[in-house]
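Hello,

Here is the structure you will be working with. Please look at it first, then read the notes below.

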Amino acid sequence: MGRSVGVLGAGVMGSGIAQALAAAGNEVVCHDASADALNRAEETVLTGRFGLNSAVARGKLSQAQAEAAAGRLTFTDEVRRLYDTDLVVEAVPERLDLKISVFRDLDRNCPRRTVLASNSSGFPVAALAAATDRPDRVIGWHWASPAPVMRLAEIVRGPLTSDATVALVTDLASSAGKNPVVINDAPTSWGYVANRVYFAAVREAARVVQEKVATAEQVDRLMVDCFRWPVGPLAMRDGAATGWD
């Protein structure tokens, strides 16, 4: 049985998260204050490279399943429609002050049962939880881009996150075809696990290019061929920032 989920932010990550959770059988409301962002998100979910139509073409969903997923997904500029849900996933730009403000607002307006999750790439869950009166229901749920197809589910448990909160999010991740891995918050280091290791690779790849040992394309090709990565570290950096269309 699906859950009711709100997604705050309709950018590259937010729209992809909303699509993935709707395809998994959840009723999803995706909010953004920008009408242009909402229009782009709706178009991308339907016709983008990793959208529902593409999933049908690749045999990942039937036409009926894609239509049902689209029917479970609502895009809106009314933030209040996020509030009465089982879970809200925050996917706003990576600014700690903005995320703290968002969590304060959600905590004031959502019922006590609502779990608040952040798609932050590395900010401490403890800092977000401290902005609320429900630290037991605050958790990190870091997705990878493109969210509909990448199987990463880096579940970040804060110091006060409850077992029930962890169970709800890991169950949702599994039902969406992700591989949930529950890790501990690391408030003194940015990036959790995936990005701490990834950015170490990006830094070294950029250094190799700067030293004119190889071009960016050559670095990416070598890493793909040697380690069977789907793309190299520099191509991944660009795709995560701008999307994959």
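Helices and the sheet

Helix 7 (residues 163-175) lies across strand 4, strand 5 (115-118), strand 6 (138-142), strand 7 (152-157) and strand 8, and runs at about 25° to strand 6. Helices (H or I, at least four residues) and strands (E, at least two) are DSSP runs, numbered from the N terminus. Angles run from 0 to 180 degrees between N-to-C directions, with axes fitted as lines to C-alpha atoms, for helices over the stretch in contact.

This is a predicted model: local features need pLDDT of at least 70, side-chain atom pairs count only at pLDDT 80 or more, and totals for chains, interfaces and linings use all residues. Residues are numbered from 1 along each chain as its sequence is written, and side-chain values use heavy atoms, with hydrogens and water left out.

Eight strands form an open sheet with mixed pairing, in the order 3-2-1-4-5-6-7-8; two strands pair if DSSP finds at least two bridges between them. Strand 3 (73-76) and strand 8 (179-184) are the edge strands, each pairing on one side only. From one strand to the next, the twist averages 25°. Helix 2 (residues 35-47) packs on the sheet and touches strand 2 (27-31) and strand 3, where contact means heavy atoms within 4.5 Å.

Strand 1 (residues 4-8) pairs with strand 4 (residues 87-90) in the parallel sense over four bridges. In this pair, G6 stands opposite V88.

L52 is in helix 3 (residues 52-57). L52 is buried, at 3% relative accessible area; buried means under 20%, exposed over 50%, partly exposed in between (1.4 Å probe, protein chains only).

Regards
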